[in-house]
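Hi,

Here is the structure we talked about, handed over for you to look at.

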Amino acid sequence: MEGNVIASYFNISMPVMDFLTESHQAMLRHGVKLYAEIFGNAQGECQYSSFESGEIDLFASYFNDTGYNSFFFSSYPIEDITQIKQFGYFYDTPSSYSIEVNGGRETDKSRELIQMRMIAKNPDKQIQSFYRTLQRNLKKISGLQKHTQKNYFHLPTDKIIIPANPHSQNTRDHWEDFYLSKLESAEKL
């Protein structure tokens, strides 16, 4: 049944507002929620915020927050956002109901790749169905192209497309400057 197998990873480069807009209908259809993980202080304490219908601009603003780490889709029945801290990000049961998503930041010079990853090897059917639908919907976006040498899809841009989450590589520099300086030094070799 190879047709039923979903990709563990799906990488796409597009503006995060467009990504959230495309995701929203699939989320409603499949009963999936979206959460952002923000580091709140120097001790690494995390805060979680959920995406609410009609607040797409607010959720997109998290990507400009210096504490932004990642976000995730989940079909796990979370009654209260504070429950997330009980099971810690994706461990044990909730991982079967979740898709981790890294990246999405964008500046005048660069755009981070949005990298989605199915966490569990045997995911819940609801999140699995959502993931298939979302990938299918994203691939239908007008103008979307598949990168010829790397495994990701992208909307054309003059910006440098950089890997997801370079800002989490234990740097005190601004994430974009840190990564672009790594690219420049690699090109000189």
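Accessible areas here come from the Shrake-Rupley method with a 1.4 Å probe, and for residues only the protein chains shown count as cover. On that basis the protein exposes about 10800 Å², with carbon and sulfur atoms supplying 45% of it.

Before the details, a word on where the values come from. This is a predicted model, where local features need pLDDT of at least 70 and side-chain atom pairs count only at pLDDT 80 or more, while totals for chains, interfaces and linings use all residues. Residues are numbered from 1 along each chain as its sequence is written, and side-chain values use heavy atoms, with hydrogens and water left out.

**The overall picture**

The protein has 5 helices and 10 strands; these are DSSP runs, numbered from the N terminus, with helices being H or I of at least four residues and strands being E of at least two. Of its 189 residues, 47% are buried. "Buried" means under 20% relative accessible area, "exposed" means over 50%, and "partly exposed" is in between (1.4 Å probe, protein chains only). I also looked at contacts, meaning heavy atoms within 4.5 Å. Among contacts between residues at least 6 apart in sequence, 67% join residues at least 24 apart.

**The cores**

In soluble globular proteins, nonpolar side chains tend to be buried together. A nonpolar core is a set of buried Ala, Val, Leu, Ile, Met, Phe, Trp, Tyr and Cys residues joined through side-chain atoms within 4.5 Å. The largest one here has 35 residues, and Phe-19, Phe-71, Phe-73 and Met-116 have the most contacts inside it.

**Aromatic rings**

A pair of aromatic rings is described by the distance of the centres and the angle of the planes. Rings of Phe, Tyr and Trp (its six-membered ring) pair if their centres lie within 6.5 Å; planes under 30 degrees apart count as stacked, over 60 as edge-to-face and the rest as tilted. Searching the whole structure turns up 13 aromatic pairs.

Take Phe-19 and Phe-71: their ring centres are 6.1 Å apart and their planes are at 75 degrees, so this pair is edge-to-face. It links distant parts of the chain, since Phe-19 is in helix α1 and Phe-71 is in strand β4, 52 residues apart. Phe-19 is buried, at a relative accessible area of 0%, and Phe-71 is buried with 0% too.

Phe-71 has another partner: the rings of Phe-59 and Phe-71 have centres 6.4 Å apart and planes at 80 degrees, so that pair is edge-to-face. Here Phe-59 sits in helix α2 and Phe-71 in strand β4, 12 residues apart. Phe-59 counts as buried, at 1% relative accessibility.

Which residues do ring pairs link into a cluster? They are Phe-19, Phe-51, Phe-59, Tyr-62, Phe-63, Tyr-68, Phe-71, Phe-73 and Phe-130.

**Salt bridges**

A salt bridge is a side-chain nitrogen of Lys or Arg within 4 Å of a carboxyl oxygen of Asp or Glu. The whole structure has 3 of them.

One joins the side chains of Glu-100 and Arg-117, at 2.6 Å from N to O. Is Glu-100 buried or exposed? Glu-100 is buried, with a relative accessible area of 12%, while Arg-117 is partly exposed at 26%.

Glu-106, Arg-111 and Lys-159 are linked in a network of salt bridges. Arg-111 and Glu-106 have their closest N and O atoms 3.2 Å apart, and Glu-106 meets Lys-159 at 2.7 Å, N to O. Glu-106 and Lys-159 lie in two loops, 53 residues apart. Arg-111 is buried at 5%, whereas Lys-159 is partly exposed at 25%.

**One exposed glycine**

Gly-54 lies in the loop between β3 (46–50) and α2, and counts as exposed at 77% relative accessibility.

Happy browsing!
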